[in-house]
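Hi,

Here is the structure I said I'd pass on.

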Amino acid sequence: MTVTDVRKDPAALTMEIVSEFDAPIERVWQLVADPRQLERWWGPPTHPATFTDFDLTPGGRVSYFMTGPDGERYHGWWRVRVVSPPDVLEVQDGFADGDGEPNPDLPVNVMRIEFASIGASTRMAIRSTFPTLEAMEQTLAMGAEEGMRAALGQIDDLLAA
Amino acid sequence: MGDVTADLAQDLTDEEVDRIFQALADRTRRDIVRRTMREDASVSALAHRYDMSFAAVQKHVAVLERAGLVTKQRRGREQLVRSNPTTIHRAQQLLDQLESMWRNRLDRLGNLLDTPTGSESP
């Protein structure tokens, strides 16, 4: 896996990250489209993901939860906006309460994943769009510690070099 | 790596970038930044945590304040240290975290692709 491009716009609250994988497009698509495989990489080791409902059709619903180290569950959902295997998946991504019911008070983000073949490799571009700063804060709250540590670790590495 | 520094540098002068990196070139100050991103902390509480004199912590906080990474507010008898990004800086921080989250995720995805899997079906 190689990250080839990252673009962040703090005014528009968008992030795009592009990576390349040494695998054919159909295989990479399956790692997104098959919930059992998606579970194996979606969450960090501290917060593994479990996908319960998984309907990747236009308008379809996906339900999932992340399990924290204390057993606490964080529920989320996707509503599929665009899906065209193996090229693109675009979903609304929101928070839900303990029963998996979307929480109308919490914001909805948009995530778009696009795949393209480059020879025998696959290019995967993820674009995340947040409606507000608070939406991004909430999304990251769970992984904040990990993300913060990782981000500051990168600065540490830079300073140590 | 270059992405983080390039983004940081976009809206800041060279002097400001220098101050930020100098501020972060100390592990106590890095810890103060991490801590205050989660919640405000008084100078006395920080001194207690780091087993350091009040004056020593104040010096660290002053460096962080000058770099724009924290603010200090008097609240009664206490001096409260707060994370101080402007909205844009906070957005930059969050986007950096989001980038880290995705890099880790994509690493895991890559590892799965590298492992020969018996479950691979046509």
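Before the notes, two terms: two strands count as paired if DSSP finds at least two bridges between them. Helices (H or I, at least four residues) and strands (E, at least two) are DSSP runs, numbered from the N terminus.

Some housekeeping: this is a predicted model, where local features need pLDDT of at least 70 and side-chain atom pairs count only at pLDDT 80 or more, while totals for chains, interfaces and linings use all residues. Residues are numbered from 1 along each chain as its sequence is written, chains are lettered from A and ligands numbered from 1 in the order in which they are written, and side-chain values use heavy atoms, with hydrogens and water left out.

Now the sheet. Chain A has an open one of 8 strands with antiparallel pairing, in the order β1-β2-β8-β7-β6-β5-β4-β3. At its edges sit β1 (2-9) and β3 (49-54) of chain A, each pairing on one side only. From one strand to the next, the twist averages 20° (axes are lines fitted to C-alpha atoms, for helices over the stretch in contact, and angles run from 0 to 180 degrees between N-to-C directions).

Next, β7 (residues 108-118) of chain A. Antiparallel to it runs β6 (residues 88-96) of chain A, joined by 7 bridges. Across that pair, V91(A) faces M111(A) and V88(A) faces E114(A). With β8(A), β7(A) pairs over 9 bridges, again antiparallel; here V110(A) has T129(A) as its bridge partner. These two strands form a hairpin with 2 residues between them, and G119(A) in the turn has a positive phi of about 60°.

Finally, helix α1 (residues 25-33) of chain A lies across several strands, including β2 (14-21) and β5 (73-84), where contact means heavy atoms within 4.5 Å. Helix α1 runs at about 160° to β7(A).

Cheers
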